[in-house]
Amino acid sequence: MNPLFTPVHVGRYSLSNRLVMAPMTRSRAAFDGTPGDLAVEYYAQRASVGLIVSEGTQPSDDGQGYLMTPGIYTPAHIAGWQKITSAVHDEGGAIFIQLMHAGRMNHPDNTPHHRQGLAPSAIAPGTGMFTMTGMKDIPTPRALTTEEVRQTVADFRKAARAAIDAGADGIEIHGANAYLVQQFFALSANTRTDEYGGSIENRARFAIEVASAIADEIGADRTAIRLSPGTTIWGIDEGAEGPDLYRYLVAELDKLGLAYLHIMHLGNEALAADVRKLWHQSLIINRPGRPRDQIGTDVASGLADLEANGQLVLANPDFVERLKANAAMNEADPKTYYGGSAEGYTDYPALDTSVSASA
């Protein structure tokens, strides 16, 4: 049997297969951050993967960066997510809510309080962001005080509890893709002189404190983290010490006994091999743009316990069934990725309503 389709134990859960829906921002929540009924259908359609990781979900007003992304820190947010988690569970699936604080990747026009973004240091990312009135340059953020860093850790903890109250099986900390957690790692975004800046140990401290706080709140076996070593988007530069920072960070996080580590793998095979040795729980590998004929190779080689896919799951609600049948895949439409209605969201056809062919 193809190992992708075999059960796997992750944290406290036994999953039906080793395929993961990668987190993907879709910008279809209400303006107050409450996910709507279309999101219920969207996630339930894709529940045949072993694990769904939700779109990035802000843990606080300050954590929002983009328009119409969901939150998980108010009673309305919890009620909205409860509909989603119930629908996924009814279909036999499992879902972790990804907690994402955008940090400096923020425009005040997109947040409930219209406040300046918060980040490790007052350094702008040098890029723009879409707002209701079009593209605008992201303004320089305000540097978090040491006490505000600790408050942000508490915000993550509170949001993790809210996610469990909403019926999520666990949470994934977004420590990747140039958002707040990774901003602490990067010398280009973090010039702090307190205990959260300077050395490798200090720059990794925020991520470890967030993971420790959440594990204490909801259990390590329901807590996970996503990392993207070597990301250089939006002004992020982790410097020559970057790989060693991740070796240190992974070894420290491993001591917590988290449910899984999710790596967005950008090509550093030596580092990936080291991560595999350092990490003793479940490891998920996501290779952006992974060709169809390469799906399953990381599990087969032993590098990963599970593999995450994004666009293919976005466009194919029956992704698992298509893989098993070696059937053709729907092609994702980038024009409908962000915002909008059911088009490009819940209307991708399944095999029984589409023309399939041998891949």
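**Pocket, barrel and cores in a predicted model**

Mentor: The largest pocket holds about 1200 Å³ of space. This is a predicted model, in which local features need pLDDT of at least 70 and side-chain atom pairs count only at pLDDT 80 or more, while totals for chains, interfaces and linings use all residues. Residues are numbered from 1 along each chain as its sequence is written, and side-chain values use heavy atoms, with hydrogens and water left out.

Trainee: What makes a space a pocket and not a cavity?

Mentor: On a 1 Å grid over the protein atoms alone, a pocket is an open set of points with protein on both sides within 12 Å along at least five of seven lines, whereas in a cavity a 1.4 Å probe fits but cannot get out. Lining residues have an atom within 4 Å of a point. Of the 43 residues that line the largest pocket, Pro-23, Met-24, Thr-25, Tyr-337 and Tyr-338 are the closest to its centre.

Trainee: How many cavities of 30 Å³ or more are there?

Mentor: The count is 1. The largest cavity has about 50 Å³ of space, a volume being the space filled by probe spheres set on grid points joined across faces, edges and corners. Its lining includes Thr-25, Gly-56, Tyr-66 and Met-100.

Trainee: Why is His-262 called buried?

Mentor: Buried means under 20% relative accessible area (1.4 Å probe, protein chains only). His-262 has 0% relative accessibility, so His-262 counts as buried. Among the residues that His-262 touches are Pro-23, Glu-172 and Ile-284, where contact means heavy atoms within 4.5 Å.

Trainee: Which strand holds His-262, and what does the barrel consist of?

Mentor: His-262 is in strand E12, residues 260–264; strands are DSSP runs of at least two residues, helices of at least four, numbered from the N terminus. The closed barrel has 8 strands in the order E3-E4-E5-E10-E11-E12-E13-E14, with parallel pairing.

Trainee: How do you know that E4 and E5 pair?

Mentor: Two strands pair if DSSP finds at least two bridges between them. E4 (residues 51–57) and E5 (residues 95–99) have 4 bridges in the parallel sense, so by that rule they pair. Val-53 stands opposite Phe-96 in E5.

Trainee: What makes a set of residues a nonpolar core?

Mentor: The members are buried Ala, Val, Leu, Ile, Met, Phe, Trp, Tyr and Cys residues joined through side-chain atoms within 4.5 Å. The largest core has 84 residues, of which Tyr-43 and Phe-206 touch the most other members. Apart from this core lies another, of 16 residues, including Val-53 and Ile-284.

Key: Buried < 20%, exposed > 50% of the residue type's maximum accessible area, 1.4 Å probe, protein only. Lists of a residue's contacts leave out its neighbours within four places in sequence.
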